[in-house]
Amino acid sequence: MTPIELEFLGTGTSGGVPLIGCDCPVCTSEDSRNLRLRSSVLIRYGKTSVAIDCGPDFRQQMLRCGQKTLDAIVLTHEHMDHVAGLDEVRPLNYQQKADMPIYCTERVAQRLKQQFAYAFAVDKYPGAPGLTLETIGANQSFEIAEVPWTPILGKHGTWPVMGFRIGDLVYLTDVSAMEMDQVERIRGAKILVVNALRKIPHVSHFSLEEAVRFAQSCAVPEVYFTHISHQMGDHAEVEASLPPSMHLAHDGLRLTIP
Ligand SMILES: [Zn+2]
Ligand SMILES: [Zn+2]
Ligand SMILES: [Zn+2]
C-alpha cells in the first residue's frame, strides 16, 4: 500500500484555542503549539487528498496548509465544530467543476439536510455549495480512490461518532467510550490519533487520563491526542508529562505512516 500522510489541520475542541474572551496563560501563550483551530485532519495518499471533518476553520486551514484540491470529505459526526465549514467547499466545487463527495452515516446525512437545507434544496440558489452525500454504515468498509476505510463506532456521550482506520492509521475524535468489538478494529495499527479534552473528566469526551488508558488498551506503538481544550494546560508541560509513545498533537503537525 502507498504511504499515508496525515496533517493536523486543527487540534482544538469546539471553541478553539484561544477561546473568545479568555486571557488564561494558554490562550495568551506565545507558543504557537497552544493555538488550536477546530479538529480536522488532511489524509493524503498517492494523488488523493481527503479531509476528515470540516469545521468552522476549514477555509483558514486549507489556505494555511496550501491544499488546493480535495477528493472527498469524511465526517465523524454532525456537531457544528465538525461540519460548520461545509459552505466553504464552494471554491473547490468551482475549480474542480464537481460536487464534493461527503462520506457520512445515514444519521449524519439526515442532520446535514436540516443544518444545510439550502444546499440540498430543489430550488438551490446559484453558487450554493455542491455536496453529494455518500452514505456509509458502521460495519461496512468503503473505498476512496481504491483505498479501504474501515469505520470504528465510538460513543460520544449519548451520540454515536465514527472513527476511521486507513491502513495502519486510526483517527478517532469526540469519543468517550467504545465497545470491545470496535477496539478490536484498532489492534495492529501503527499510529492512533484519539481525543483528549482536558485533565478533568467530561461527560462526552475522554479526559487525558481516560485517553491514555484507552490508548494503552489498544496497544498501538505511537499515539497523538487531539480535540484539546485550553483547560488542558500548556502544550510543552503536558507533552513532558506523557509516556514516551504518546504526544499532544498540534496544528500543522505531519505524520507519515509507511
Ligand atoms: Zn468536537
Ligand atoms: Zn483560556
Ligand atoms: Zn462532538
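Mentor: Let's start with a term: a residue is buried under 20% relative accessible area, exposed over 50% and partly exposed in between (1.4 Å probe, protein chains only). This is a predicted model, where local features need pLDDT of at least 70, side-chain atom pairs need 80 or more, and totals for chains, interfaces and linings use all residues. Residues are numbered from 1 along each chain as written, chains are lettered from A and ligands numbered from 1 in written order, and side-chain values use heavy atoms, without hydrogens and water.

Trainee: Which protein residues are the donors of the zinc ion (ligand 3)?

Mentor: Donors are N, O and S atoms within 2.8 Å of the metal (3.2 Å for Na, K and Ca), with water not among the atoms, so sites may look incomplete. Along the chain the spacing reads H-x1-H-x76-H-x17-D. At 2.1 to 2.4 Å from the ion sit H77 (NE2), H79 (ND1), H156 (NE2) and D174 (OD).

Trainee: What is the arrangement of the four donor atoms around the zinc ion (ligand 3)?

Mentor: Four donors are tetrahedral if all angles lie between 85 and 135 degrees; four are square planar and six octahedral if opposite donors are over 155 degrees apart and all others between 65 and 115; anything else is irregular. Here the angles run from 89 to 174°, which makes the arrangement irregular.

Trainee: How many residues apart in sequence are the parts that H79 and H156 tie together?

Mentor: D174 bridges this ion and the zinc ion (ligand 1). H79 lies in the loop between strand 4 (72-74) and helix 2 (80-83), while H156 is in strand 8 (residues 147-156), so the pair ties together parts separated by 77 residues.

Trainee: Is H156 buried or exposed?

Mentor: H79, for its part, counts as partly exposed at 22% relative accessibility. With H156 the value is 1%, which means buried.

Trainee: How far apart are the two zinc ions, ligand 1 and ligand 3?

Mentor: The zinc ion (ligand 1) is held by D81 (OD), H82 (NE2), D174 (OD) and H227 (NE2) at 2.1 to 2.3 Å. D174 and H227 are both buried. D174 coordinates both ions, and their separation is 3.5 Å.

Key:
Helix = DSSP H or I, 4+ residues; strand = E, 2+ residues; numbered from the N terminus.
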